[in-house]
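The following note sets out several points on the structure shown below.

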Amino acid sequence: MCGIVGLYLKNPKLQPKLGAMFKPMLIEMTNRGPDSAGVAIYRNPVKKNEVKFSLAHDDPAYDWRKLCAGLEKSLKCDATIRKIGNHCILVTNAKEAAVEKWLERHHPEVRVVGSGHTIEIFKEVGLPAQVYDKFDLDEAKGTHIIGHTRMATESAVTTAGSHPFATGADLCLVHNGSLSNHNRLRENLRREGMEFQTENDTEVAAAYMTWKLRGGATLKEALEDGIEDLDGFYTFLVGTADGFAVVRDPIACKHAVMAETGDWVAMATEYRAIAHLPGADDAKIWEPEPATIYTWGGHA
Amino acid sequence: MNELDLGKEGVTGINQRLYGLPKNTNERHWSIRNPMGQHAIACGLDAPLHVEVHGHVGFYCGGMNKEAELIVHGHAGVGVAENLMSGLVWIKGNASESAGATGNGGLLIIDGDASSRCGISMKGIDIVVGGSVGHMSAFMAQRGNLVVCGDAGDALGDSIYEARLYVKGKVASLGADCIEKEVREEHLADLARLLERAERKDNPADFRRYGSARKLYNFNVDHADAY
């Protein structure tokens with residue numbers, strides 16, 4: 001099972017309503033994935049010399065201020081934090097790699113769930129409606145958003161095993177389906193220096209994409225190579241800095257439907273998620289073809 | 001025309017209203033509003049009704065229909081008109097995968113494109129698709145006609161039995177045991193009848209016919225690779 005949903009706004013006037021428009025889409029997919037939910041929202045771009053991290057800790061009372069002060073002192077940088085649920089958005093002018101290294105050394109209990117200039121990732125176990133409320137997404141403004149409702153099959157129901165998975169700066173992946181060669185691929189990627197937090201199959205797909213992109217591939221090339229190297233059934237939705245991409249396995253095992261109007265582009269596992277959007281009744285609706293990469297917003 | 005609001009009555013409420021009608025009812029015309037992509041809308045109709053759905057529907061719409069005419073003014077999700085027994089299901093938009101799966105009879109018309117596995121295991125249904133069909137269409141098709149006015153995807157008619165497949169455009173590839181066959185007078189007559197019912201202007205002479213080579217009916221070790 002699992003449900004995936006994405007919304008990309010073509011009309012900038014709708015940006016203040018992004019979170020409100022997306023909420024019923026995610027909640028409609030609850031019975032495809034009641035175990036956990038997550039979203040990646042693209043909003044509040046930081047300055048060129050800054051980087052934005054989405055961090056998570058299981059304890060909602062975790063002292064993020066202390067972490068922030070420690071980071072500023074150690075790396076002689078400026079940093080701000082915004083606590084949202086048990087996640088924290090950290091913005092700093094320090095180098096991304098240096099921050100990651102510092103966190104790993106001094107705060108190994110903190111998980112880095114995403115990083116980039118615009119992306120913010122929130123994910124947690126529980127019903128999609130609860131997760132959405134927890135992270136104050138109702139009022140969220142932004143350009144585009146992707147989400148996932150999970151019914152776990154391959155690995156445990158944990159926050160770390162929830163989607164989206166980050167795959168590089170401003171990139172993330174959500175997945176409906178399951179991969180059959182993820183154990184071997186994980187071992188191969190470990191030899192290439194990639195690190196893993198879970199036994200989850202989607203994390204392997206995300207690491208594979210990250211590894212390809214670091215090697216200089218474009219997103220489209222990485223996805224094309226994925227069609228060759230990832231065995232199993234899947235529909236992937238990939239969030240990018242300025243849009244999203246959709247790809248299905250070569251025999252299109254898992255459902256997917258696309259819809260487009262003059263105001264927005266939406267993708268979902270089932271149309272009923274899209275039906276809540278204004279103008280959906282008159283949208284152009286079609287099913288994406290197998291092994292074909294669809295992109296919106298350029299970048300790929 | 002009797003109006004039903006799915007937003008108010010829900011799928012079960014609407015389906016129960018339609019099942020509850022006696023076969024000789026005078027209330028034959030029904031219109032369903034606010035379908036909101038919900039699943040199993042107007043499934044199991046069993047009377048000569050005329051039902052129109054205004055909007056896009058979810059999975060399995062019109063499944064098991066007997067006698068009724070069901071018109072959907074929008075897109076249909078997975079498995080539309082699954083196991084159709086008789087009557088008509090007409091989709092004015094595109095359809096997702098497995099349209100008309102295992103249909104026993106009746107007619108399914110899709111004005112736009114159908115996706116993969118259209119007519120999978122069809123057992124007597126007639127299907128007319130105004131656009132194209134995806135891969136593995138008419139997989140293990142046993143009886144009935146599949147008419148495609150656009151193109152067909154890979155592995156058309158894989159492991160087909162006795163269904164007849166007509167494609168006007170390109171066929172990406174034929175599945176195991178599916179071959180091109182001669183178009184005879186009776187086929188042109190069938191095509192003309194089905195195209196007319198779908199209100200299409202296509203010329204029957206422009207279609208090519210595909211069907212079973214009948215080599216996989218019984219296991220034969222010489223064909224082991226094809227199974």
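Which residue takes a positive phi just after H5(A)? The residue is Gly193(A), with a phi of about 100 degrees.

1. Basis of the note. This is a predicted model, in which local features need pLDDT of at least 70 and side-chain atom pairs count only at pLDDT 80 or more, while totals for chains, interfaces and linings use all residues. Residues are numbered from 1 along each chain as its sequence is written, and chains are lettered from A and ligands numbered from 1 in the order in which they are written.

2. Helix H5 of chain A. This helix covers residues 182-191, and its buried residues are His182(A), Leu185(A) and Arg186(A). Viewed down the axis of H5(A), these buried residues fall within an arc of 105 degrees, so they line one face of the helix. The arc is that of the directions from the helix axis to the C-beta atoms. Asn183(A), Arg184(A), Glu187(A) and Arg191(A), on the other side of H5(A), are exposed. A residue is buried if 20 or more other C-beta atoms, placed from the backbone, lie within 10 Å of its own, exposed if 12 or fewer, and partly exposed in between. Helices (H or I, at least four residues) and strands (E, at least two) are DSSP runs, numbered from the N terminus.

3. Packing of H5(A). The buried residues of H5(A) pack against strand S10 (171-179) and helix H6 (201-214) of chain A. Two residues are in contact if their C-beta atoms, placed from the backbone, lie within 7 Å.

4. Met194(A). This residue is found in the loop between H5 and H6 of chain A. Met194(A) counts as partly exposed because it has 18 C-beta neighbours inside 10 Å. Leaving aside residues up to four places away in sequence, Met194(A) touches Leu189(A), Ala207(A), Thr210(A) and Trp211(A).

5. The sheet of chain A. Five strands form an open sheet in the order S9-S10-S11-S12-S16, with antiparallel pairing. Strands S9 (165-168) and S16 (294-296) stand at the edges, each with a single partner strand, so one side of each is left without a neighbour in the sheet. Two strands pair if DSSP finds at least two bridges between them.

6. S10(A) pairs with strand S11 (residues 232-240) of chain A over 8 bridges, and Ser178(A) stands opposite Phe233(A) in S11(A). S11(A) and S12(A) run antiparallel and are joined by 6 bridges; they form a hairpin with 2 residues between them. The bridge partner of Phe236(A) is Val247(A) in S12(A). Strand S12 (residues 243-248) of chain A is mostly covered, with 5 of its 6 residues buried. S12(A) pairs with S16(A) over 3 bridges, in the antiparallel sense, and Val246(A) stands opposite Tyr294(A) in S16(A).

7. Chain B. The secondary structure of chain B comes to 2 helices and 11 strands. Of its 227 residues, 52% count as buried. The C-alpha atoms of chain B fill a box of roughly 60 × 35 × 30 Å, taken along the principal axes.
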